[in-house]
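Have the sequence and the 3D view open as you read.

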Amino acid sequence: MQSYLMVVQLLLWSLAWPVQEAYAYLDPGTGSLLLQSLFAIVAIIGAGISLFWERVRGLFHKRSAGDATPERNRDAREES
Amino acid sequence: MHGKNPERVPGSFRDPGSHVYLLEESVYRSLTPTAAAAFEAVRRTGVLDSLISERWIVRTETVDPGVLGEIGQSATLVLQHEKVPFLSYPYEWSFAQLRSAALFHLDLHLRLLEYGITLNDSTAYNLQFVGAAPIFIDVTSLRPYQEGEYWQAHRQFCEQFLHPLLLHSVLGIPHNAWFRGNLDGLPLDQMAALSPWWACLDWRFFLHVVMQNRLQQWAETKRDTAAARVRRHGLSRTAFMALLRQLRRFIKKLAPRHPKGSTWGEYATHNTYEAGESEAKRKFVGSFIQRARPRLLLDLGCNTGDYSVVALQHGADYVVGFDADQQALNAAFHRSHREHLAFLPLYQDLANPSPDQGWKQLERSGLGNRARGQALLALALVHHLAIGRNIPLDQVINALIGMAPRGVIEFVPKADPTVQKMLALREDIFCDYTSDAFERLLGQQTQIVEKQTISASGRTLYAYELL
């Protein structure tokens, strides 16, 4: 799930990014650093979505599992 | 105090913080105050000692700076390193070796980050192989990690590891000639230009090749905006490690794309020998190695390493094999890894060996300066050079015996089916290629201590010693 979201975001972002003809050598590492800054943002978004998804799943799981799971264990799982 | 002067290693100039010296078979490194402070900070974490004891990093100890004479007096710290048995370069590694080195590099970085240490660079030249085991040789590449910093060497990692692997994996082109042509690896823009559209369907390929290249192009036109964007963000340690792990998963799955039917990959099972010939050859080689007991044996045309293994079983300490067939080399590397052999197979076209190259043509040493063994094996090789590459027979013999003072050379005459195949569609211009001529030329410069014909076609093994 996370991988697909990441692909979609990267594709949209890449297509939106304006590319002009390069006219001068600047710094061979700038593209790499920009890529990493994007990676960091996507990682944060991905982690947020993942956390949200886990909570949604947790809600359904709680309903289906009823009161079988002790409160203490459920809290511990959410923290990890 | 040593009698000789330390000799600075010509390739050690890029990092101003340290310089490497050779002195009487030992490797030393002088450190400036900045590099020494970083080294001490790394050492205090305890990770360095762990990695040295686990053979991830070469043995390293601080020594009296006086060992380097005047050079040592100006150094803040002097380190002594173990010397690896044979120095090799990434353009001499097979696909399997380069992939192994790439994974090792990522694993090393991940381990270091757990201790709050990072790597200054991602150069493949900082890795060497001892047998099939990669080992890191540049301790001054290690320094304390600063929270939020980018992986400064991501592009270098891509150009020296990822792109050469993709070249072979996606396009079926071995990386060796490209890497030898450009010692910094395969540049980002060239890899992007080579990329077929279908390769971009893998989002990791898209990310590290296509997208990185587009961003680089954009940055070159929008310098200030790009710099501002870079400064505005950072990379958390978690994201840094996620990036390394993601690259690791990507590289782990890469496999070489071979053309159908490697020339020599199946040579060990599909050759023109009878079983008895092969056994006779093994006995001859085994007996020679028992007499010679070489510390370093060169196996020229090693194929998958059958006779390298025979040599190791009969007393050779370390074998470096050379071959030009990718599949054979990959198989040889996997064999060495699987069986924990003191055997290092390397890519080498012996008719066009690695030259002295790089800065001042001293940065990377040519094969001729490194390939000096105590003994050599050149089995089923001479006809490939003399007939396959038109090299005069006397020059072939001179080149071989110049690499080791003793060895075993096999001569395959024209009557043999292998040579018959080579001559089937071309004119035979090799009137001097005869057993008599070979024996006379070899005998002029060496003493032939043993000779045995091992096939009905006249294949003959010669054990020689330099006069």
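What follows is a short tour of a few parts of chain A and chain B.

## Chain A: the overall layout

First things first: this is a predicted model. Chain A has three helices and zero strands, so the order from the N terminus on is simply α-α-α. Of the 80 residues in chain A, 25% are buried. The chain exposes about 5,800 Å², and 62% of that comes from carbon and sulfur atoms.

How confident is the predictor here? For chain A the mean pLDDT is 62, with 41% of the residues reaching 70 or more. Among the chain's elements, helix H2 (residues 30-65) of chain A has the highest mean pLDDT, at 83. The lowest belongs to helix H3 (residues 71-79) of chain A, at 37.

Where pLDDT is low, the predicted coordinates should not be read in detail.

Now hop over to chain B and find helix H18 (residues 435-445). Which of its residues are buried? They are Ala437(B), Phe438(B), Leu441(B) and Leu442(B). These residues cover an arc of only 125 degrees around the axis, so they sit on the same side of H18(B). An α-helix has 3.6 residues a turn, so residues three or four places apart point the same way.

On the other side of H18(B), you'll find Asp436(B) and Gln444(B), which are exposed.

## Chain B: a closer look at His383

Helix H15 covers residues 382-386 of chain B, and His383(B) is part of it. Is His383(B) buried or exposed? His383(B) counts as buried, because its relative accessibility is 1%, and the cut-off for buried is under 20%.

So who are its neighbours? Leaving out residues up to four places away in sequence, His383(B) touches Gly388(B), Val412(B), Thr418(B), Val419(B), Met422(B) and Tyr433(B). There is also a polar contact, at 3.3 Å, between the side chains of His383(B) and His384(B).

Key: Residues numbered from 1 in each chain as written. Chains lettered and ligands numbered in written order. Heavy atoms only, no water. Helix = DSSP H or I, 4+ residues; strand = E, 2+ residues; numbered from the N terminus. Buried < 20%, exposed > 50% of the residue type's maximum accessible area, 1.4 Å probe, protein only. Polar contact = N/O pair within 3.5 Å; in protein donor to acceptor, adjacent residues only side chain to side chain. Contact = heavy atoms within 4.5 Å. Arc of directions from axis to C-beta. pLDDT = per-residue confidence, 0-100. Areas by Shrake-Rupley, 256 points an atom, 1.4 Å probe, with all protein chains shown as cover.
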